[in-house]
Amino acid sequence: MTALTLSRTLTDPGEGVAAAVQSRRILWPLLALMLASAFAGAAFALRWDPAPGILAKLEMSGQLKGMPEAELNEQITTAGRLRLVTGVAGGLFVTPLVVLGIAVVLAVVAWLLGRKAPFPALFSASAVGMLPIAVQRALWGVVALWQLGVTEERAPHLLPSSVGAWVHTGPKLARLMDSLDLFTLVAALLMRRRHGLGVGLVLFVAFVGVFGIGLPGIMAAGGGHGPGPGPGGPGGGG
């Protein structure tokens with residue numbers, strides 16, 4: 001699969017997706033997704049100010065009072081560097097695992113429907129189908145770099161492509177609304193020609209459930225955050 005075939009997949013998905021999946025070459029689409037995710041993670045880190053969060057955490061724990069200014073500045077600087085490293089690393093190393101996970105979901109769906117599909121073809125379909133997510137994350141990174149500052153609360157809605165950007169709900173439904181994203185739906189439906197519309201919709205539901213709601217919920221419970229475009233954040237896998 002060449003870069004020309006990759007662009008054809010986006011401009012003419014009817015024929016481009018089928019050709020890309022049949023070739024079973026995942027290098028270009030997977031590389032595009034990895035680089036776009038790493039770029040979005042780096043863009044967030046460069047525009048994110050860790051000071052308010054660190055100050056609030058230290059104040060709640062009672063450690064802020066009497067803390068030397070040099071130590072406080074060191075913590076803020078370290079947090080910014082750590083976010084930059086994790087954002088880039090997440091895009092480069094977690095992204096292939098997400099693509100693999102989606103291929104496994106496709107394999108399970110194919111098995112349930114009684115269809116025979118070689119796993120390399122499913123893995124290729126997963127990588128190609130994620131190209132709209134690569135476009136989304138690249139656009140999100142560009143928008144983020146134009147901002148003077150980005151907070152974890154603003155990050156999911158910098159690129160207003162999700163339902164959550166337009167429909168404001170309570171905190172319990174906010175993650176679900178943010179997961180209902182146009183790019184995610186297009187990514188799932190790219191496979192309709194090869195696997196059928198029903199499989200695409202099942203994949204969309206699985207993607208939203210696991211990478212849009214499940215993993216961010218686990219990260220939030222553990223004290224982590226995954227802001228950014230689409231499920232999983234800019235540097236996350238999905």
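Contacts between residues 24 or more positions apart make up 68% of those in the chain with a separation of 6 or more. The model is predicted. The chain holds 11 helices and 0 strands. Its pattern along the sequence is α-α-α-α-α-α-α-α-α-α-α. Of its 238 residues, 42% count as buried.

Helix α3 spans residues 27-47, and helix α5 spans residues 69-112. Their axes come within 8 Å and cross at roughly 155 degrees. Because angles over 145 degrees count as roughly antiparallel, α3 is roughly antiparallel to α5. The crossing of α3 past α5 is right-handed. On the α3 side, the residues that meet α5 are Leu30, Leu33, Met34, Leu35, Ser37, Ala38, Gly41, Ala42, Phe44 and Ala45. On the α5 side, they are Arg83, Leu84, Gly87, Val88, Gly91, Leu92, Thr95, Pro96 and Val99. By class, this contact of α3 with α5 comprises 13 nonpolar, 5 polar and 1 charged residues.

Helix α3 also packs against helix α7, which covers residues 131-145. The axes of α3 and α7 come within 8 Å and cross at roughly 25 degrees. Because angles under 35 degrees count as roughly parallel, α3 is roughly parallel to α7. Here α3 passes α7 in a left-handed crossing. From α3, the contact draws on Pro29, Ala32, Leu33, Ala36, Ser37, Phe39, Ala40, Ala43, Phe44, Leu46 and Arg47. From α7, it draws on Leu131, Ile133, Ala134, Arg137, Ala138, Trp140, Gly141, Val142, Ala144 and Leu145. The residues of the contact of α3 with α7 divide into 17 nonpolar, 2 polar and 2 charged.

Phenylalanine 44 lies in helix α3. Phe44 is among the α3 residues that meet α5, and Phe44 is also part of the contact with α7. Its relative accessible area is 2%. Phenylalanine 44 is therefore buried, since buried means under 20%. The C-alpha atoms of phenylalanine 44 and glycine 87 are separated by 7.9 Å. Along the chain, these two residues are 43 residues apart. Gly87 is one of the α5 residues in the contact with α3.

In soluble globular proteins, nonpolar side chains tend to be buried together. In this model, the largest nonpolar core has 26 residues. Val99, Met130 and Trp140 touch the most other members of this core. Helices α3, α5, α6 (119-129), α7 and α9 (182-189) each supply at least two of its residues. Helix α3 gives the most, with 7 residues. A second core is separate and has 7 residues. Among them are Ile54, Leu58, Met67 and Ile76.

Serine 162 sits in the loop between α7 and α8 (171-179). Its relative accessibility is 4%, so serine 162 counts as buried. Leaving out residues up to four places away in sequence, serine 162 touches His157, Met177, Asp178, Leu180 and Asp181.

Terms used: Residues are numbered from 1 along each chain as its sequence is written. This is a predicted model: local features need pLDDT of at least 70, side-chain atom pairs count only at pLDDT 80 or more; totals for chains, interfaces and linings use all residues. Side-chain values use heavy atoms; hydrogens and water are left out. Axes are lines fitted to C-alpha atoms, for helices over the stretch in contact, and angles run from 0 to 180 degrees between N-to-C directions. Helices (H or I, at least four residues) and strands (E, at least two) are DSSP runs, numbered from the N terminus. Angles under 35 degrees count as roughly parallel, over 145 as roughly antiparallel, 65 to 115 as roughly perpendicular and the rest as oblique. A crossing is left-handed if the near helix is turned anticlockwise from the far one by less than a right angle, and right-handed if clockwise. Contact means heavy atoms within 4.5 Å. Ala, Val, Leu, Ile, Met, Phe, Trp, Tyr, Cys and Pro count as nonpolar, Asp, Glu, Lys and Arg as charged, and the others, Gly among them, as polar. A nonpolar core is a set of buried Ala, Val, Leu, Ile, Met, Phe, Trp, Tyr and Cys residues joined through side-chain atoms within 4.5 Å. Buried means under 20% relative accessible area, exposed over 50%, partly exposed in between (1.4 Å probe, protein chains only).
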